[in-house]
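Please open the model in your viewer and keep the selection tool at hand. Each stop says what to pick and what is there.

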Amino acid sequence: MHLCIGYSTLRLWLKKYTDEGFSCFIKIPARGKPKSLVTPELHQALEDKLNDSEEPIQSYKDAVLWVETVHNQKLGYHTLRKYMIKHFKCKLKVPRKSHYKKDKQAIEAFFKTT
């Protein structure tokens with residue numbers, strides 16, 4: 001335990017060394033491009049839903065629920081959020097809550113003067 005590795009890890013490394021040699025430790029394995037979880041049909045449906053003025057998607061959570069219910073596909077929140085931002089440049093924003101003591105007449109007068 002002087003190298004700060006476990007016995008089982010050392011045993012695996014020695015077995016790999018005896019089977020494949022030193023070259024297996026210095027080569028970097030190639031990784032392919034990750035497969036997209038969003039199909040072209042789902043992409044088109046998301047685009048149509050985002051451009052729908054009757055019933056638009058209000059939040060990313062709603063988008064995840066909509067994909068699950070309508071398309072029977074389970075996508076993670078962050079996966080769908082990153083996909084929508086990357087491909088549709090969307091930023092679903094929720095307005096800040098208004099103070100309950102705010103005077104509506106003062107707001108109307110302000111907008112009339114500007």
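Predicted model: local features only at pLDDT ≥ 70, side-chain atom pairs only at ≥ 80, totals over all residues.

Residues are numbered from 1 along each chain as its sequence is written, and side-chain values use heavy atoms, with hydrogens and water left out.

**The core**

Select Leu 42, Leu 46, Val 67, Leu 75, Leu 80, Met 84 and Phe 88. These have the most contacts inside the largest nonpolar core, which has 16 residues. Such a core is a set of buried Ala, Val, Leu, Ile, Met, Phe, Trp, Tyr and Cys residues joined through side-chain atoms within 4.5 Å. Buried means under 20% relative accessible area, exposed over 50%, and partly exposed in between (1.4 Å probe, protein chains only).

Now colour helices H3 (40-51), H4 (60-71) and H5 (77-88): each supplies at least two residues of this core. H4 gives the most, with 5 residues. Helices here are DSSP runs (H or I, at least four residues), numbered from the N terminus.

Centre on Leu 75. Which residues is Leu 75 in contact with, leaving aside neighbours within four places in sequence? They are Leu 37, Val 38, Leu 42, Val 64, Val 67 and Leu 80. Contact means heavy atoms within 4.5 Å.

**The nonpolar patch**

Move to the surface. Select Leu 10, Leu 12, Trp 13, Leu 14, Tyr 17, Phe 22, Phe 25 and Ile 26: they form a nonpolar patch with about 850 Å² of accessible area together. Patch residues have over 30% relative accessible area and no salt bridge; nonpolar side chains (Val, Leu, Ile, Met, Phe, Trp, Tyr) are joined within 5 Å. Areas come from the Shrake-Rupley method with a 1.4 Å probe, and for residues only the protein chains shown count as cover.

Helices H1 (7-20) and H2 (23-26) each supply at least two patch residues. H1 gives the most, with 5 residues. Phe 22 lies in the loop between H1 and H2. Phe 22 is exposed, at 53% relative accessible area.

**Salt bridges**

How many salt bridges does a search of the whole structure find? There are 2. A salt bridge is a side-chain nitrogen of Lys or Arg within 4 Å of a carboxyl oxygen of Asp or Glu.

Select Asp 19 and Lys 15. Their closest N and O atoms are 3.0 Å apart. Both residues lie in H1, 4 residues apart, about one turn of the helix.

Next, select Glu 68 and Lys 74, with closest N and O atoms 3.6 Å apart. Glu 68 is partly exposed at 29%, whereas Lys 74 is exposed at 71%.

**Aromatic pairs**

The count comes to 3 aromatic pairs. Rings of Phe, Tyr and Trp (its six-membered ring) pair if their centres lie within 6.5 Å; planes under 30 degrees apart count as stacked, over 60 as edge-to-face and the rest as tilted.

Select Tyr 60 and Tyr 77. The ring centres are 6.3 Å apart and the planes are at 90°, so the pair is edge-to-face. Tyr 60 lies in H4 and Tyr 77 in H5, so the pair ties together parts 17 residues apart in sequence. Tyr 60 is buried at 10%; Tyr 77 is partly exposed at 38%.

**Positive phi**

Finish with the backbone. Most residues other than glycine have a negative phi. Asn 72 has a positive phi of about 50° and lies in the loop between H4 and H5. Lys 89 also has a positive phi, near 55°. Look for Lys 89 in the loop between H5 and helix H6 (104-113).

Conventions. Patch = residues over 30% accessible without salt bridge, like charges linked within 9 Å, V, L, I, M, F, W, Y side chains within 5 Å.
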